[in-house]
Amino acid sequence: MGQVIADGILTGAIISLGAIGVTMTLGILRFANFAHSELVTWGGYFALMFVVFAGTAGESFGPLSFGWPFVAAILFAGVATALLALLVDMLVFARLRRSGAKEMTLVFASFGVALLLRHIIVVIFGAQAVYYTSALQIAVEILPGVRVMPDQILVLALTVLLVVGLHIVLRYTRLGIAMRASAESADLARVHGVDVRQIVRWTWAIGGGLAAAAGVFYGLTVQLRPEIGFALLLPLFTAALLGGSGSVYGAVIGGMIIGLSESLSTLIIPTGYKQAVPFMILLLVLYLRPRGLFGEAK
Amino acid sequence: MSAVTTALTVDGLVAGYAADLPIVTGMSLTLGLGELVTIIGPNGAGKSTLVKAIAGLVRVMDGRVALDGRDITAIAPHRLPQSGVGYVAQTGNIFTTLTIHENLRVAGHTLGRELPERIAEAYDMFPDLKKYRDKRGRVLSGGQRQMLALAMTLLCRPRVILLDEPSAGLSPAIVQNVFRRLRGLADSGLALLMVEQNARAALELSDRGYVMAEGACRIDGPASALLEDPAVAEIYLGKRRVH
């Protein structure tokens, strides 16, 4: 039981990071971006590119599987994925917005973008699973019967750090308050001097950066595969909708609930059905509380 | 009436949401510093669209808007505060999910170091807002929302303020309160242009008025003259409804 909860929290952390981007796009750009989970995959592979080119030479940090070069790889992945998100917006979504495209047009375009992004990964890196390092890690027992890898503890700690950091940005900074204002009413924000185009760019950059973190953390604790994003698509959207579209805190809690329930479900149903759990939760949310746990009543 | 310095000039403005369907079909007006000018007219006359077009929120197809002689036609809305123009929308003119203080911070988005000082001034001017500082916008009453919207607009010290039906949804006593505030702002030297359904009450406090119908000006003149004009009274001051 303890082990299952620990695994669930870890999965939940990765889903939360991805779901934040989904909910931010829903809140500020007002469309469901089905390509967001592909940014998670790209984040993981950007870090791999860095590792392949720069090598992972150097000492590891204590019991962790990596050292300073991998920290650089994470930063590289974050920046590169943020730029990729901005590029996609510039080439696809911004053009559609300018031409006055409806929400559904953007949603379908995002499906196309998702397919494209996923298959570029297959073309470049192949379809097989890859790892950042072949070093074996010894799991440590943190509680009786609960064993986790040192990397997993770090991933959890970094996730908490990122979420707290985002919270501080959104709650206290000029940019964060303008982002929340634009999410509520772009026109009102505009007439008060907020350049909403700039806010949109920040939304992509922050969402992309956090997606990259999710991807790297997934690669670090599980493995890298081109279908990571596809597999995460439903959990990410369920977490975002469960939390309430536009609510960052909702996305984090939603992500945790999805991770834990996927994991806990293996106690009562065969592991193979684990992936159906987010689907069930999504149906329940849409049926019982369509605005999500923390969503604003519209 | 003494001569006033013209702040805003609108000349032959054609504007609307779709290129082939203008709602404002050729409207001209002037607005001077220290003046409160009201635009009245039946529903669908294009009054709201006119102020939105001046604020850059609606597509301008023809005509010209100038502020102090400077062309601001189809201005990007986020440049309004720096240009000295404030716009108060009819609905949704405050952020309900943000606190009162955050609302003021957004309103001062373009201000730098002066922001805390300006917010303190706003609290002095509207003490009620200070009381609710950390409450979300949604808890405010209609009148308080209108005051916050006004405080937000004043934060960047505009010379011209455009108001879209500031009395909408307010009780008569509160309407008088809001109108008196607006009169006070005009008397302090600002130029105020408002669109109002509450035509009689608005004109009673205004210097001049424009009567709009089908996207253009039909009658204009001093507010007192419009109030006494039988044609205006019959059509727009509530004696008969026209569609």
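**Stop one: a helix pair in chain A**

Start by selecting helix H3 (residues 68-98) and helix H4 (residues 103-125) of chain A: their axes come within 10 Å and cross at roughly 155 degrees. Keep in mind as you look around that this is a predicted model. Angles over 145 degrees count as roughly antiparallel, so H3(A) and H4(A) are roughly antiparallel to each other. The crossing of H3(A) past H4(A) is right-handed.

Now show some side chains. On H3(A), pick A:Val88, A:Val92, A:Phe93 and A:Leu96; on H4(A), pick A:Thr105, A:Leu106, A:Ala109 and A:Val113, and you have the residues that make the contact. Sorted by class, the contact of H3(A) with H4(A) has seven nonpolar residues, one polar and no charged.

**Stop two: H1 and H10**

Next, select helix H1 (residues 2-29) and helix H10 (residues 248-265), both of chain A. These two pack with their axes 6 Å apart, at an angle of about 145 degrees. H1(A) and H10(A) also make a right-handed crossing. Colour their contact by class and you'll get 14 nonpolar, ten polar and two charged residues.

**Stop three: where chain A meets chain B**

Finally, bring chain B into view. How many residues of chain A are in contact with chain B? There are 17, and they touch 23 residues of chain B. On the chain A side, select helix H6 (174-184) and helix H7 (186-191), the elements that each give two or more residues. H6(A) supplies the largest share, six residues. By class, this side of chain A has seven nonpolar, three polar and seven charged residues.

Conventions. Residues numbered from 1 in each chain as written. Chains lettered and ligands numbered in written order. Predicted model: local features only at pLDDT ≥ 70, side-chain atom pairs only at ≥ 80, totals over all residues. Axes fitted to C-alpha atoms, helices over the stretch in contact; angles between N-to-C directions. Helix = DSSP H or I, 4+ residues; strand = E, 2+ residues; numbered from the N terminus. Left-handed = near helix turned anticlockwise from the far one by under 90°. Nonpolar A, V, L, I, M, F, W, Y, C, P; charged D, E, K, R; others polar. Contact = placed C-beta atoms within 7 Å. Parallel < 35°, antiparallel > 145°, perpendicular 65-115°, else oblique.
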